[in-house]
Amino acid sequence: LWPHLGSPDPRIRYAARIALEHQPLERWRNAALTGNGDTLTLLTGWTALLHADDKQASAILSQLTKLKLKELGEDLIIQAAHLYSLCLPEADPTTKEAVLNQLRPLYPNQSDKLNWALAPLLIELDPEQAVGQTIQLLETSDDPIQTVHYLYQLRHAKAGWTQALREAYFRKIGEATGYIGDSRGLPRTLGRIKKDALATLP
């Protein structure tokens, strides 16, 4: 199974991961955490390990923080970010600082996909810096879906705000209510976002 975890075909990779997750954990846990394969194989193996036993989150975080994210391609960084989002609740302050040191240089990014994936992590780990950076992305975004995503991710942030940033945020919520589309749930979603954001005001 192991060689197929790094297959360029996502269908083969998915099938191998699912099969691995159903193998006795003691047979492959150490291999997943100590393997020296390519990054895609490692990330897929760590994902399988987390799915098989969520108590492995701390061990997986230890391996994730060793990756040189700046040297990886977009898809691999997004996969790593997804794993971080699943494992971070188990992170201690030292590990969170290590994760932040990895992610901070990547955000904001020229890639919209990376910004989408990294925004929630950076807002959680470093709101003092990430809130302003995400508002900048909001101000320049002309994609309604991306705009609502940033509004949603910022709604619970309590630190990092200035009066100007708050005004920009609520202005973008108002502008978003004017989006034309077939999403009947958008006004309700924006209403919940605004309610959550107002609850964070001092």
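Rings of Phe, Tyr and Trp (its six-membered ring) pair if their centres lie within 6.5 Å. Planes under 30 degrees apart count as stacked, over 60 as edge-to-face and the rest as tilted.

**Entry 1: aromatic pairs**

I looked up the pairs under that rule and got two aromatic pairs. Trp-161 and Tyr-169 are edge-to-face, because their ring centres lie 5.5 Å apart and their planes stand at 70 degrees. Tyr-169 also pairs with Phe-170, again edge-to-face, with 5.3 Å centre to centre and 85 degrees between the planes. Trp-161, Tyr-169 and Phe-170 make one aromatic cluster.

I noted the source of the model here: it is predicted, local features need pLDDT of at least 70, side-chain atom pairs count only at pLDDT 80 or more, and totals for chains, interfaces and linings use all residues. Residues are numbered from 1 along each chain as its sequence is written, and side-chain values use heavy atoms, with hydrogens and water left out.

Buried means under 20% relative accessible area, exposed over 50%, partly exposed in between (1.4 Å probe, protein chains only). Tyr-169 has a relative accessible area of 0%, so Tyr-169 is buried. Trp-161 comes to 15%, so Trp-161 counts as buried too. Phe-170 is at 22% and therefore counts as partly exposed.

**Entry 2: the whole chain**

I listed the secondary structure. Helices (H or I, at least four residues) and strands (E, at least two) are DSSP runs, numbered from the N terminus. The chain has eleven helices and zero strands. The C-alpha atoms fill a box of roughly 55 × 40 × 30 Å, taken along the principal axes. Of the 202 residues in the chain, 45% are buried.

I then looked at contacts, meaning heavy atoms within 4.5 Å. Among contacts in the chain with a separation of 6 or more, 63% join residues 24 or more positions apart.

**Entry 3: H3 and H4**

I took axes as lines fitted to C-alpha atoms, for helices over the stretch in contact, with angles from 0 to 180 degrees between N-to-C directions. Helix H3 (residues 39–52) and helix H4 (residues 57–64) have axes that come within 10 Å and cross at roughly 165 degrees. Angles under 35 degrees count as roughly parallel, over 145 as roughly antiparallel, 65 to 115 as roughly perpendicular and the rest as oblique. H3 and H4 are therefore roughly antiparallel to each other.

I also noted handedness. A crossing is left-handed if the near helix is turned anticlockwise from the far one by less than a right angle, and right-handed if clockwise. H3 passes H4 in a left-handed crossing.

Which residues in H3 and H4 meet? From H3 I found Leu-43, Trp-46, Leu-49 and Leu-50; from H4, Ala-57, Ile-60, Gln-63 and Leu-64. The contact of H3 with H4 holds seven nonpolar residues, one polar and no charged. For these classes, Ala, Val, Leu, Ile, Met, Phe, Trp, Tyr, Cys and Pro count as nonpolar, Asp, Glu, Lys and Arg as charged, and the others, Gly among them, as polar.

Helix H6 (residues 93–103) and helix H7 (residues 112–125) pack at about 130 degrees, with their axes 10 Å apart. That angle makes H6 oblique to H7. Their crossing is left-handed. H6 brings Lys-96, Val-99, Leu-100 and Leu-103 to the contact, and H7 brings Leu-118, Leu-121, Leu-122 and Leu-125. I classed the residues of this H6 contact with H7 as seven nonpolar, no polar and one charged.

Pro-108 sits in the loop between H6 and H7. The peptide bond from Tyr-107 to Pro-108 is cis, with omega near -5 degrees.

**Entry 4: Ile-77**

I picked Ile-77 in helix H5 (residues 74–87). Is Ile-77 buried or exposed? At 4% relative accessibility, Ile-77 counts as buried. Leaving aside neighbours within four places in sequence, Ile-77 is in contact with Leu-69, Leu-72, Leu-106 and Leu-114. Ile-77 and Leu-106 are 29 residues apart along the chain, and their C-alpha atoms are separated by 9.6 Å.

**Entry 5: H7 and H8**

The axes of H7 and helix H8 (residues 127–140) come within 7 Å and cross at roughly 145 degrees. H7 passes H8 in a left-handed crossing. On the H7 side I found Asn-115, Leu-122, Ile-123, Glu-124 and Leu-125; on the H8 side, Pro-127, Ala-130, Thr-134 and Leu-137. The contact of H7 with H8 divides into six nonpolar, two polar and one charged residues.
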